[in-house]
Amino acid sequence: MSSKFISKKLIKELRSGNKFSKPIIRVSVISIAISILVMIVSISIVKGFQNEIKNKVVNFSSHIQVTAGGTNYSFESSPIIKDETFIKNSEHYPEINHVQTFATKPGLIQSKADTQFLTDDKIKVIRDIEGIIFKGLDHDFNWDFMVERLVEGAPFTVKENKLNDSILISKYLSKKLKLNLHDPIACYFLKDNGTSTKKFIVAGIYETGLEEFDKQFTFIDIKHVQKLNGWGVQASLFLNENFKNNKLTIEARVAGGNGNNKYNWGDVYSNSNSISISPTRDTTIYLATRDYIKSNVDFSLIPNNIPDSAWLNIKIDGPLTITNGEFEYEAINNTVRRYTSGETTITTTLSSTGGSMKYYVGGYEVFINNNSTFKYDINKHSVTNGYRYLKESLQGGINKFNNNLDEAEKILYEEADPLLKITKITSRYQEIFGWLSILDTNVFVIIILMIMVSIINIISLILVLIIERSNMIGLLKSFGAENITIQRIFISLGSHIMIRGLIIGNVVAYLLIYLQSTFGFIKLPQENYYLSTVPMSVEPLHFLLVNGITIVCCFLILMLTSLFIAKINPIKVIKFE
């Protein structure tokens, strides 16, 4: 007697079924299909959601930030000296993809004027002001992420020796402050000696979907932040228009620093910010200047910022014989001035290094490579190990991310100055990454519930089939069939129905994922979920594990339920029939 032959015959009969078993079989197939569909789609959505949010946060803020040590509770960066060696050495490691510099400065941004006519002779102008963080970008900034998020406009170019007045604002700020592309905007900043006003031109409007970032950040040239924060000093030289006793007076002016400056005219640093000369021919005056602070130990003056240098080339046309008087001068451009007095014309040309503020940044943003793999020991393929691996692999994205952060952090501790502070993205945005980790728990609960639904349906199905075929079971037993042979028949029946449900569920799940990934027809409120459409991440390994665990669990239940056949008494069943 062949259990395989009988099971094939019964499978053919199941296609038509009878009034009693047909609806139950149909419900079982649909239930299993829905269970596997829900499990696969749930994993896909959670993994997609985690990846999208994580990538947005990381691309906006970097994996790791290296900033000045100590405690800084303000939004204004504390300066550190830019170390090109640190950048080159860090990028040499395969774990680190890119290092870029940045600096931040809090300020106010003003809206367009909103004019209201109160009466015939009175006009009221209303302007909104929004507190914002200005993030300064250098020429090493990677624009890839921001270009994808631009709604209007284009990224601006940061050049080493040329200041760019462009600004990137968010769509949120654009709407709230009624600012459009290419609009000039006024921004206000607090400084030690009062306030400073800067004018910018809107070069682009971006939208990340992360409201926390869109509300807070705008992007500008880092040189603006360096100057506004007063990092470094910038020296310039000018010829005083008054002269006495046939002597010219050269004056030094310093921008930035703390104001406690000393000047080196070629020998030593002193408090004198001017010198007098009696040139008989063309000459060049050199100046080096830096600011000083008092030591907390012995109250002596110690250098504060990196010094800056300037040169003033003086060209004399005509006799310089006037003893006392005043020059008339005109500014030819930002660096050239022409002084005249009688037959004498003096032309000065200013040259400088552009200031030492370029040597300071607010910190480094470090991006790492996510190329590690999550390995599975195929020899450990039990249900328990399979579920454990499923749980680990679902968490693997976050765990792998954290492991890569830890490895990169170790590298940076070796390369960076020990006084600098190294902060991982998971520490700076604990709420977001904690929330993403909690989502895995929801998936585990859904998987357990759906497997339980499948198990209950399999139990119901087998019991119904056994009751329906009890007469057949009695006859087979009366002909000498063993319990194990009859059990195999019903295990084959149950497996056939289960596989049908799995195939239908997988096909529908893959189709849904493909359509959503291609067309994004399932929408989300972006202000609540940071995304405009439901993301779905396809990871075949997860799907194989879900199907594998479901098949193993349901097969075990089939075997256990089929044991009920051993308790059937053939005499009673045949007599009853």
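Is Cys187 buried or exposed? Cys187 is buried, at a relative accessible area of 0%, where buried means under 20% relative accessible area, exposed over 50% and partly exposed in between (1.4 Å probe, protein chains only).

The views below show a predicted model, in which local features need pLDDT of at least 70 and side-chain atom pairs count only at pLDDT 80 or more, while totals for chains, interfaces and linings use all residues. Residues are numbered from 1 along each chain as its sequence is written, and side-chain values use heavy atoms, with hydrogens and water left out.

**View 1. The protein chain as a whole.** The protein chain has 15 helices and 27 strands; these are DSSP runs numbered from the N terminus (helices H or I, at least four residues; strands E, at least two). Of its 577 residues, 46% are buried. Among contacts with a separation of 6 or more, 74% join residues 24 or more positions apart, a contact being heavy atoms within 4.5 Å. The chain exposes about 30,100 Å², 54% of it from carbon and sulfur atoms, by the Shrake-Rupley method with a 1.4 Å probe.

**View 2. Cysteines.** The count of disulfides (cysteine sulfur atoms within 2.5 Å) is zero. Cys554 is in no disulfide, and the nearest cysteine sulfur, that of Cys553, is 6.8 Å away. Cys554 is buried, with 0% relative accessibility.

**View 3. Phe213 and Tyr429.** The structure holds 19 aromatic pairs, defined for rings of Phe, Tyr and Trp (its six-membered ring) with centres within 6.5 Å; planes under 30 degrees apart are stacked, over 60 edge-to-face and the rest tilted. Phe213 and Tyr429 form an edge-to-face pair, at 5.2 Å centre to centre and 75 degrees between the planes. Phe213 is in helix H6 (residues 211-214) and Tyr429 in the loop between helix H9 (425-428) and helix H10 (430-468), so the pair ties together parts 216 residues apart in sequence. Phe213 is buried at 1% relative accessibility, and Tyr429 is buried at 12%.

**View 4. Trp435 and Tyr530.** This aromatic pair is edge-to-face, with 6.0 Å centre to centre and 85 degrees between the planes. Because Trp435 lies in helix H10 and Tyr530 in the loop between helix H13 (526-529) and helix H14 (540-562), the pair ties together parts 95 residues apart in sequence. Trp435 is partly exposed, at a relative accessible area of 30%.

**View 5. A ring cluster and charges over rings.** Phe60, Tyr206, Phe213, Phe217, Phe219 and Tyr429 are linked into a cluster by ring pairs. Lys135 lies over the face of Phe60, 6.0 Å from the ring centre. Arg253 lies over the face of Phe238, at 4.3 Å. A charge sits over a ring if NZ of Lys or CZ of Arg is within 6 Å of the ring centre and within 35 degrees of the ring normal.
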